[in-house]
Amino acid sequence: MKDVFIVGSKGIPANYGGFETFVDNLVGRQVNKNIKYHVACMTFDKNGKHYDYKGAECQEITVPNIGGAKAILYDLRALDWSLNIIKKNRLKDGIIYILACRIGPFLARYKRKFGAYGFKIYVNPDGHEWKRAKWSLPVRKYWKFSEKLVVKHADLLICDSKSIEKYIKHDYSQYNPKTTFIAYGADISKSELTVKDEEVKEWFKEKKVTPNEYFLIVGRFVPENNFEIMISEFMNSNVKKDLVIITNIEKNKFYDMLLEKTNFTGDRRIKFVGTVYNQELLRYIRENAFAYIHGHSVGGTNPSLLEALGSTDVNLLFDVGFNREVGERGALYWGKNKNSLKELIDKVSLQSVPERIKLSENSKTRIQQDYSWEKIVSNYENIF
């Protein structure tokens with residue numbers, strides 16, 4: 001029996017989040033029963049629960065709600081919990097799988113502790129967290145420093161993007177890091193909802209949206225997702241369709257800056273519609289979009305992109321390595337230069353049906369062949 005401790009996701013069962021969805025699928029679709037998963041979950045409750053989920057041992061790790069630092073504290077407490085379980089049950093020769101590069105300065109010490117029991121440390125380095133505009137400069141510097149130490153001390157780095165793997169091998173060549181590539185997965189099944197379902201009728205009516213008459217954006221409301229470019233270029237386009245934006249919009253400095261630069265409230269086509277946590281409804285909204293616009297510029301393989309390629313016929317992606325790596329011939333690409341996205345929006349609005357069908361077929365094939373959860377889980381089980 002191979003014991004695998006997973007540290008770094010907020011918890012399972014998952015109802016949001018990339019790492020959470022990954023762990024849920026890894027555990028829920030397990031084939032090889034010679035692997036025992038132990039999953040650390042985060043809670044603010046003083047009485048963290050211990051429970052079984054689809055055969056995995058899950059333990060809620062209690063942390064105070066202290067902003068960004070809580071994630072680092074959670075990782076450290078989760079590693080302490082893992083070490084206690086290993087000692088208590090005299091486990092040997094397993095794996096500690098850490099998601100993200102938050103605890104680089106502490107990793108050498110933990111590596112020695114786990115190494116005494118024959119445990120290896122594997123890490124998913126995620127994307128370029130140190131590039132995210134939401135972090136202050138000191139925090140970004142910490143992220144970069146932490147990433148460096150994680151790469152130095154990890155026994156294996158499992159990258160969910162070939163671009164991220166290439167970056168790690170190049171930027172940290174002095175450590176000769178051992179890496180492998182296993183993609184993130186996507187659920188490619190059709191939505192169970194139909195036009196007759198009440199939640200579908202209510203959502204489209206409430207948001208004043210018509211099926212197939214909208215371009216769609218889904219993503220976190222942060223600058224590195226290129227909201228300013230997507231909105232301003234859409235506003236300059238000639239299309240009559242709406243731009244439906246599903247995001248956790250907050251009236252903050254970024255919102256004020258976006259409003260000042262684009263004056264999007266003056267364009268009736270621009271519709272911020274809030275978040276959609278009902279996954280079946282979100283899939284239905286994707287399936288009935290005229291086209292999806294993806295502006296993510298930071299990170300590895302993005303879950304929202306995979307879902308779009310699996311659900312939406314036409315996908316317009318920001319032209320950066322890890323987006324092109326995923327989309328290949330199943331998408332169209334735009335850059336930051338003026339009119340690049342505007343011209344692409346106008347072009348796809350005039351596409352013929354056969355052109356749209358061809359793009360749709362290419363994107364669905366791309367997901368089925370390389371990003372199905374069955375394939376991803378199989379790859380992970382082989383590595384473990």
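Analyst: Strand β6 (residues 120-124) and strand β7 (residues 156-159) run parallel and are joined by 2 bridges, where two strands count as paired if DSSP finds at least two bridges between them. Within this part of the sheet, Val123 stands opposite Leu157 in β7. Strands and helices here are DSSP runs (E, at least two residues, for strands; H or I, at least four, for helices), numbered from the N terminus. The model is predicted, so local features need pLDDT of at least 70 and side-chain atom pairs count only at pLDDT 80 or more, while totals for chains, interfaces and linings use all residues. Residues are numbered from 1 along each chain as its sequence is written, and side-chain values use heavy atoms, with hydrogens and water left out.

The two strands belong to an open sheet of 8 strands with mixed pairing, in the order β3-β4-β2-β1-β5-β6-β7-β8. At its edges stand β3 (50-53) and β8 (179-181), each of which has a single partner strand, so one side of each is left without a neighbour in the sheet. On average, and with direction ignored, neighbouring strands of this sheet are turned by 25° against each other. Helix α14 (residues 373-383) packs on the sheet and touches β2 (35-43), β5 (95-99), β6, β7 and β8, its direction making about 175° with that of β7; contact means heavy atoms within 4.5 Å, and angles run from 0 to 180 degrees between N-to-C directions, with axes fitted to C-alpha atoms, for helices over the stretch in contact.

Turning to the helix pair, the axes of α3 (residues 104-115) and α4 (residues 137-153) come within 7 Å and cross at roughly 25°. The two helices are therefore roughly parallel to each other, a label given to angles under 35 degrees, with over 145 counted as roughly antiparallel, 65 to 115 as roughly perpendicular and the rest as oblique. On the α3 side the contact is made by Gly104, Pro105, Phe106, Leu107, Ala108 and Lys111, and on the α4 side by Tyr142, Phe145, Ser146, Leu149, Val150 and His153. These residues divide into 8 nonpolar, 3 polar and 1 charged, with Ala, Val, Leu, Ile, Met, Phe, Trp, Tyr, Cys and Pro taken as nonpolar, Asp, Glu, Lys and Arg as charged, and the others, Gly among them, as polar.

His153 lies in helix α4 and, at 17% relative accessibility, counts as buried; buried means under 20% relative accessible area, exposed over 50% and partly exposed in between, with a 1.4 Å probe and protein chains only. Leaving aside its neighbours within four places in sequence, His153 is in contact with Leu107, Ala108 and Lys111.

Lys111 also takes part in a salt bridge with Asp155, at 3.7 Å from N to O, the term requiring a side-chain nitrogen of Lys or Arg within 4 Å of a carboxyl oxygen of Asp or Glu. Since Lys111 lies in helix α3 and Asp155 in the loop between α4 and β7, the pair ties together parts that are 44 residues apart in sequence. Lys111 is partly exposed, with a relative accessible area of 30%, and Asp155 is partly exposed as well, at 22%.

The count of salt bridges comes to 18. Among them, Glu60 pairs with Lys49, the closest N and O atoms being 3.5 Å apart. Glu60 lies in strand β4 (residues 56-62) and Lys49 in the loop between β2 and β3, so this pair ties together parts 11 residues apart in sequence.
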